[in-house]
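Please keep the sequence and the structure open beside the text.

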Amino acid sequence: MTRTDWTRDEIAALFDLPFMELVYQAATVHRATFAPNEVQLSTLLSIKTGGCPEDCGYCNQSVSAETGLKATKLMDVRAVLQSAAQAKDNGSSRFCMGAAWRNPKDRDMPAIVEMVRGVRGMGMETCMTLGMLTEKQAGMLADAGLDYYNHNIDTSPERYGEVITTRTFEDRLETLEHVRDAGINVCCGGIVGMGETRADRVGFIHALATLPKHPDSVPVNALVPVKGTVLGDMLHDTPLAKIDEIEFVRTVAVARITMPESMVRLSAGRESMSDETQALCFMAGANSIFTGDKLLTTGNAGDDKDAALFARLGVRAMQAEVKAELEAAE
Ligand code: SAM
Ligand code: DTB
Ligand code: SF4
């Protein structure tokens, strides 16, 4: 049974370890559950871009951001399935569909359900991130066969209100409960490099590692600073606020140690990360990435660069069945 009773002091003590000791401990925990040279590949698609009524300070899809991003309507199901087929051809095992919504409207649900059924029918794992869900909507997604729902807590509970004012940390927890209760795997993580303190990073990992059940997957994003967003502008104006890459690796390592059976995803921000930093993240227990040259709206490393990185490191793409076998063995 994994621990969900971590204290903030214990987590702070992990962050304080000498770097080599921390990475060694994380790598040891990683190897106890996972093949150390396998990384799972997920591909993102923005199925509804921009015009979001929420005011998340990091996001270029918010109506409050002045980024000139063009808002679109929900994509049609056929185009989504075409894009999933391409991702599958490129070796991805999970297709993650994201919408810039505060929450889905009931009238959107039939198309969403069709997308889940269609992508599943192609033999890929499905993930959606659509904002807040009611109990009923979570049930509809579960019935459609949705494998994962991504809903991030993003930062520490005490910092949350400085980053987002249009919803609360508790709202986030409530949707996570609906998703869990519906039997959908939870994907929940956040962003580092938003000018937060070490104590906020401790609080962020603590909140994840003390959920009633650890998220099945934990995306750790490095802020992609987009001009015209509150936090992107802050980073352009005060570059010193940019997170130290060693501190980023520490955050990955502490996530791995405290949530030993979760997939830890090295998520946004890889485009501007060196091969060496990414290698340290894999050493520290990250075992999943987003593939392709685009995340939702911003750039990603791209398949050629990733293939070269994997070859350099001797890393293989994890097959969907491998993860399924690991789950069955638990
Ligand atoms: N609207 C939905 C929501 O917020 O739950 C789903 C889409 S939203 C873009 C998904 C996640 O992407 C956010 O919770 C945040 O962690 C991450 N994200 C958004 N913009 C980012 C950025 N500029 N840099 C890093 N991560 C970002
Ligand atoms: C997550 O934690 N990271 C992904 C996914 N969940 C949906 C999104 C990152 C988005 C980065 C900004 C963009 O490309 O729009
Ligand atoms: Fe909207 Fe999600 Fe962006 Fe927040 S992170 S503004 S909820 S799309």
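**Notes on the annotated domain and its helices**

1. The UniProt record, an unreviewed entry, places the feature "domain: Radical SAM core" at residues 37-261, and UniProt positions are given here in the numbering of this note, with feature names shortened and with annotations that may be inferred rather than shown by experiment. Helices (H or I, at least four residues) and strands (E, at least two) are DSSP runs, numbered from the N terminus.

2. This is a predicted model, in which local features need pLDDT of at least 70 and side-chain atom pairs count only at pLDDT 80 or more, while totals for chains, interfaces and linings use all residues. Residues are numbered from 1 along each chain as its sequence is written, chains are lettered from A and ligands numbered from 1 in the order in which they are written, and side-chain values use heavy atoms, with hydrogens and water left out.

3. Cys 127 itself lies in strand S3 (residues 125-129).

4. The unreviewed UniProt entry also places a "binding site" feature at Cys 52, Cys 56 and Cys 59, and the lining of the largest cavity takes in Cys 52, Cys 56 and Cys 59 from this set. Cys 52 is found in the loop between strand S1 (38-48) and helix H3 (77-89).

5. Two packed helices are described by the angle between their axes and the distance between the axes. Helix H1 (residues 8-16) and helix H10 (residues 245-258) have axes that come within 9 Å and cross at roughly 135°, where axes are lines fitted to C-alpha atoms, for helices over the stretch in contact, and angles run from 0 to 180 degrees between N-to-C directions. H1 is therefore oblique to H10, because angles under 35 degrees count as roughly parallel, over 145 as roughly antiparallel, 65 to 115 as roughly perpendicular and the rest as oblique. The H1 side of the contact is made by Ile 11, Leu 14, Phe 15 and Asp 16, contact meaning heavy atoms within 4.5 Å.

6. H10 also packs against helix H11 (residues 275-283), at an angle of about 20° and with the axes 9 Å apart, which means that H10 is roughly parallel to H11. Here Glu 245, Phe 248, Val 249 and Val 252 in H10 meet Thr 277, Leu 280 and Cys 281 in H11.

7. Helix H2 (residues 19-33) packs with H10 at an angle of about 35°, with their axes 9 Å apart. Among the residues that meet are Phe 19, Leu 22 and Val 23 in H2 and Ile 246, Val 249 and Arg 250 in H10.

Terms used
On a 1 Å grid over the protein atoms alone, a cavity is a set of points where a 1.4 Å probe fits but cannot get out, and a pocket is an open set with protein on both sides within 12 Å along at least five of seven lines; lining residues have an atom within 4 Å of a point.
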